[in-house]
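Hi,

Here is the structure I promised to send over. Have a look at it first, and then read on for my notes.

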Amino acid sequence: MVREKITVSTRTLQWKCVESAADSKRLLYGRFILSPLMKGQADTIGIAMRRALLGEIEGTCITRAKSEKISHEYSTIMGIQESVHEILMNLKEIVLRSNLYGTCEASICVRGPGYVTAQDIILPPYVEILDNTQHIASLTEPIELVIGLQIEKNRGYLIKAPNTFQDGSYPIDPVFMPVRNANHSIHSYENGNKEILFLEIWTNGSLTPKEALYEASRNLIDLLIPFLHTKEENLNLEGNQHMVPLPPFTFYDKLAKLTKNKKKMALKSIFIDQSELPPRIYNCLKRSNIYTLLDLLNNSQEDLMKMEHFRIEDVKQILGILEKNFVIDLPKNKF
Amino acid sequence: MSTIPGFNQIQFEGFCRFIDQGLTEELSKFPKIEDTNQEIDFELFLERYQLVEPSIKERDAVYESLTYSSELYVSARLIWKNDRRRYIQEQTILIGKIPLMTSLGAFIVNGIYRIVINQILQSPGIYYQSELNDNGISVYTGTIISDWGGRLELEIDRKTRIWVRVSRQQKLSILVLLSAMGLNIREILENVCYPELFLSFLNDKKQIGSKENAILEFYQQFACVEGDPVFSESLSKDLQKKFFQQRCELGGIGRRNMNRRLNLDIPQNNTFLLPRDILAAADRLIRIKFGMGTLDDMNHLQNKRIRSVADLLQEQFGLALVRLENMARGNIYAALKHNWTPTPQNLVNSTPLTDTYKVFFRLHPLSQVLDRTNPLTQIVHGRKLSYLGPGGLTARTATFPIRDIHPSHYGRICPIDTSEGINVGLIGSLAIHARIGRWGSLESPFYKISERSKGARMLYLSPGRDEYYMVAAGNSLALNQGIQEEQVVPARYRQEFLTIAWEQVHLRSIFSFQYFSIGASLIPFIEHNDANRALMSSNMQRQAVPLSQSEKCIVGTGLEGQAALDSGALAIAEHEGEIIYTDTDKILLSGNGDTLRIPLVMYQRSNKNTCMHQKPQVQRGKCIKKGQILAYGAATVGGELALGKNVLVAYMPWEGYNFEDAVLISERLVYEDIYTSFHIRKYEIQINQGSERVTNEIPHLEVHLLRNLDKNGIVMLGSWVETGDILVGKLTPQMVKESSYAPEDRLLRTILGMRVYTSKETCLKLPIGGRGRVIDVRWVQSSKTDETEKTESIRVYILQKREIKVGDKVAGRHGNKGIISKILPRQDMPYLQDGRPVDMVFNPLGVPSRMNVGQIFESSLGLAGGLLDRHYRIAPFDERYEQEASRKLVFSELYEASKQTVNPWIFEPESPGKSRIFDGRTGDPFEQPVIIGKPYILKLIHQVDDKIHGRSSGRYSRLTQQPLKGRAKKGGQRVGEMEVWALEGFGVAYILQEMLTYKSDHIRARQEVLGTIIFGGRIPTPEDAPESFRLFVRELRSLALELNHFLVSEKTFQLNRKEA
């Protein structure tokens, strides 16, 4: 009885950045607090956040390099002090920041002699290099160094066997991990009944710790959404007893049920990038400020047609995808 | 403080001795050759010989598989003395090629680096020992060991009779030997000290009689001839040649030892065993029997000698000159017979010498392929000492005392560094400061402590000599300078450890790791380790793979720099100058008026398939000094040896994934390329130019497999190849029998009369496990110049990048080795209080029983060093400065690190070195504080990729029809005797039958099983015996034993014979 009295808290949870520091362009640090939490909650959130920060955040990296003159990774180019492999290792070090989806191209085109650094990379506008001083190669002769790069946003790390590319491009085993380190600690007060969660985040600069925190919590929430609708899920499973174990995309099926209930709130939290749209359509939608499914549903087909570079086939494609994944029809006209 | 001698110096000194002295010595033995009619004289002038600088560079020799050798020219003179022509002809002639030592201390023979390791042998001389015979009575023996290793044993029995044993044969009376050597009884009795003993011996033995009888008896014993040989001159000569010249040659060292031991003054040039020696030896033996005189310790290093490169090469040179002499003789004879005019040059040619060295380097057991796994391996290999080899011991018969550490090893042979297994103790390693002195003894330096001179004087002492001095052990140096007299120090004296006053000390050791080899002295905190583990460590450091990105060790011993410098992995400026050009593969250095081109090693294969690579470290335009480092090699950073990586380690159990020395690692080690290494493999194919064809048109092969071939049929440079891909397309023509022609071929043949040639593809395919990038293709002309068939070979070099993976072996520097058992994502690894995930998790139970506590010191100090960004170089035995010095150092550094980084958890006073850490999966703290640290961990060459293997079908042994063994032959796994018991124990009869028949040597059953699997149905049960049993029966038959079984009919009692 007494216990209940104490646990009642009127204050809402609040977070605050208590410390942030930039040791270098490649090492940002931030410390955040979340309070007031009840006993035990800090631990629940803390470990989940730490794991999400370390494992769930996407990063942008150069994944492939291509150059005409190279015969293989372990050869040398006349007039360059580094071997090709060393150049590739240097390219791996480059930290990028982007709001990219999928892949894009970049290139280096430098004439020697001189040092080639990261600032010589010609990038699409939505990709940004954080540390321009990153050394790539040093040219000792007046030769032209042309490297085509492929940039990708992804999660975790990739180790690709180079056999898939016979076109003379060389994979750089990329590490898409913007968070260098994360830690959580708990401070309890009020006789151990209240807790403050401290989260420390070190990033490699492509995200600020704050953004990392945001990304991590969003990714964590995305993972938890299915649990919001336990009942429907159970029904769904009962109906599909004979089906093979559900792939991770099942939560789209659950979303289908969801839309029938007209829970537009949920639609708001579904971003269009989750609907496997082709990059071109995705970019078009994004340009006209359509981010979530709700935004999309608020537009009619005609509205969509008005957009730049948008064709009737694309609308059909969107419809197909929506129908497949969400069982939603785009309104013919605005209602 | 003296500098450490160059690690390759042993080899260089040896080779220089050979060139400077050995050549002259052997050439001086070359006789003047005369023909039978004394018409022609042929002689060599030893004063005028010259070695020509080799025409090829060291590197080209490797690249083109040639021998890096120098031509030896000698002046020769031919004198005609007959009446018709009387003149003298002088010529400088080529007598052969001598392989030269390279800067690595190795030779290049046929493109392969080979090193000649030093042999350690029993010194020739006489050794007195006492042995217990079968009845438990001690017997005194004197063993005379000849220069070639032959033994002659003198033995004195209870009745003080002296016997001689020649090579473990039945014993002979010493009088027989002496008579056979040419002494008569009177001479014997006159020249011994105790003639009465000899007299009594004479009396109870049958009369020896004449010299002939003695020789006859001796010969009978020596040559084990049955029956009664008759005395003849030839028999006497034979004995002379076989026994007195070969068995009894003492050599210079032997004569010296003999003189010293027996107090004789026989001149040095008398290298054979004389009767006087035997008499003196017998006298000494009698005296020892009566308790006068001392026994010898055969295993003492003073009774050993080192046969170095110099001696081995000189010996070969001598052999070659004998062959040359025979050749010259033969040619002179032929010239006179066939009447052609000989000149010095056409009397001899270069084959005997060149061939002798070729054979020596190829086949001699002490000439080994230089192990080049990493820079350390290269230098350590040249400093090995082996008891094995010709004239030495064999691994199977060597006794325990020989393998054991001896007090005289101090400062000469490392007590730690030896191989494990059958050769333990037989292959040792030279201590850092040891050198080879005159007479092949191993010398160790000491400082002489004297009152007069302040500066310490260094002197090299041979084994045996330092025993007569009090040598301060050097394990407590914290002496108060003022009151030296009161100081008591531990010291060694005559193989004993004493504690004596400081003023009594004569010598002290010069260096704290004077008595260790290079491998052992690279172990930090070695004094805290058990010797067995230190041994493993010094062996395992040699197996470390150079990593793609090396890192200096945080905790080291200070020897890393020199190890790297002497290893030859670095490019070092030969003289001062200015860098005028640098590139990835070369550096141009100008200075002393000329330009030096220093080619760098670019991704080259070592013979252990590791990758050697040099990175230039100097800028263009910089002026450099002599000896400055121009480029770092593989596994070196900043001029220091860097074999591994400093990684964060926790000692704790983790879900059983580090049970029994398994190691759990973080994914970070994979994706950050921390333990990524390069491996270059060579694939070679011989091409018979006459008949075989290299082409890219290979019939009956998938296009996919041929995709990497260029139009000539050789794999393209830079292409990525996988297992099974064709590297070189080759067709070998093959004549096929008429009946096996395909129908269309037969049609062609009948209609057009064409002969159809079929050829078989004999392509070079990438074997299992091979994948990677083709980085080099070489077409090598075989050096063998056979006129009939020219063979060429194509070599394909494939580079493979290997990340660390489950099954790889990793090790620390304290013999703590383990296999990777699981790779965890970084968020799952245990993490420290600042959130840093640990990189490796070792089992704490691996420490106490192995007693390698040094790893704990290293890891704690490494952690402190990592945080403070400091590198520590700690000479071993720092405990001599004060008690617990290592522990104090580690704790104080940890304390400082915790203060500087404001992380109190780094040093917790209640559990120093330990810290509370958390489980990455749950965030819960572990129950106990855990030791965390940053040791230096190496990745070893034993990697799964080279070992993983499975067999579904494959070849069978010819004779037994059982599957072959070994991965290289795609062999099977043996189900041995005990495995069969296990299957029997479980009663799994069908599995057992499958193992023993279908999967093994039942030919018919295993053929049928294939068909039944394809078409379905029941696999037939094999009824008769498998092939190995049939083989057994046949082997019995060859011993005239018939093994058979019969069926006896119940009705008629008739025997039905069944063939097994």
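Let's start with helix 26 of chain B, residues 1027–1038: its 12 residues reach 17 Å from first C-alpha to last, close to the 16 Å expected at 1.5 Å a residue. (That expected span is 1.5 Å times one less than the number of residues; helices are DSSP runs of H or I with at least four residues, strands are E runs of at least two, and both are numbered from the N terminus.) The buried residues of helix 26 of chain B are B:Glu1027, B:Leu1031, B:Val1033 and B:Leu1036, where buried means under 20% relative accessible area, exposed over 50% and partly exposed in between, with a 1.4 Å probe and protein chains only. Their cover includes helix 24 (989–1001) and helix 25 (1003–1015) of chain B. After helix 26 of chain B comes B:Ala1040, with a positive phi near 65°.

Before you go further: this is a predicted model, so local features need pLDDT of at least 70 and side-chain atom pairs count only at pLDDT 80 or more, while totals for chains, interfaces and linings use all residues. Residues are numbered from 1 along each chain as its sequence is written, chains are lettered from A and ligands numbered from 1 in the order in which they are written, and side-chain values use heavy atoms, leaving out hydrogens and water.

Now helix 8 of chain B (residues 251–262), which also has 12 residues and reaches 16 Å from its first C-alpha to its last, close to the expected 16 Å. Nine of those 12 residues are buried, so helix 8 of chain B is largely enclosed by the rest of the structure. Among them are B:Ile253, B:Met258 and B:Leu262, along with B:Arg255 and B:Arg261. Strand 8 (125–132), strand 9 (138–145), helix 9 (275–289) and strand 13 (304–307) of chain B are included in what covers the buried residues. Just after helix 8 of chain B, B:Asn263 has a positive phi of about 55°.

On to the salt bridges (a side-chain nitrogen of Lys or Arg within 4 Å of a carboxyl oxygen of Asp or Glu). The whole structure has 56 of them over all chains.

- B:Lys586 pairs with B:Asp583 at 4.0 Å, N to O. B:Lys586 is buried at 14% relative accessible area, and B:Asp583 is buried at 0%.
- B:Asp725 pairs with B:Arg707, with the closest N and O atoms 3.1 Å apart. B:Asp725 lies in the loop between strands 41 (720–721) and 42 (726–728) of chain B and B:Arg707 in the loop between strands 40 (693–694) and 41, so the pair ties together parts 18 residues apart in sequence. B:Asp725 is buried at 2%, whereas B:Arg707 is partly exposed at 28%.
- B:Asp919 pairs with B:Arg921, the closest N and O atoms being 2.8 Å apart. Here B:Asp919 is buried at 7% and B:Arg921 partly exposed at 32%.

There is also a network: salt bridges with shared partners join B:Arg681, B:Arg802, B:Lys805, B:Asp945 and B:Asp946.

As for chain B overall, the secondary structure comes to 26 helices and 56 strands. Its C-alpha trace spans about 105 × 95 × 90 Å along the principal axes, and 51% of its 1060 residues count as buried.

Cheers

Methods. Contact = heavy atoms within 4.5 Å.
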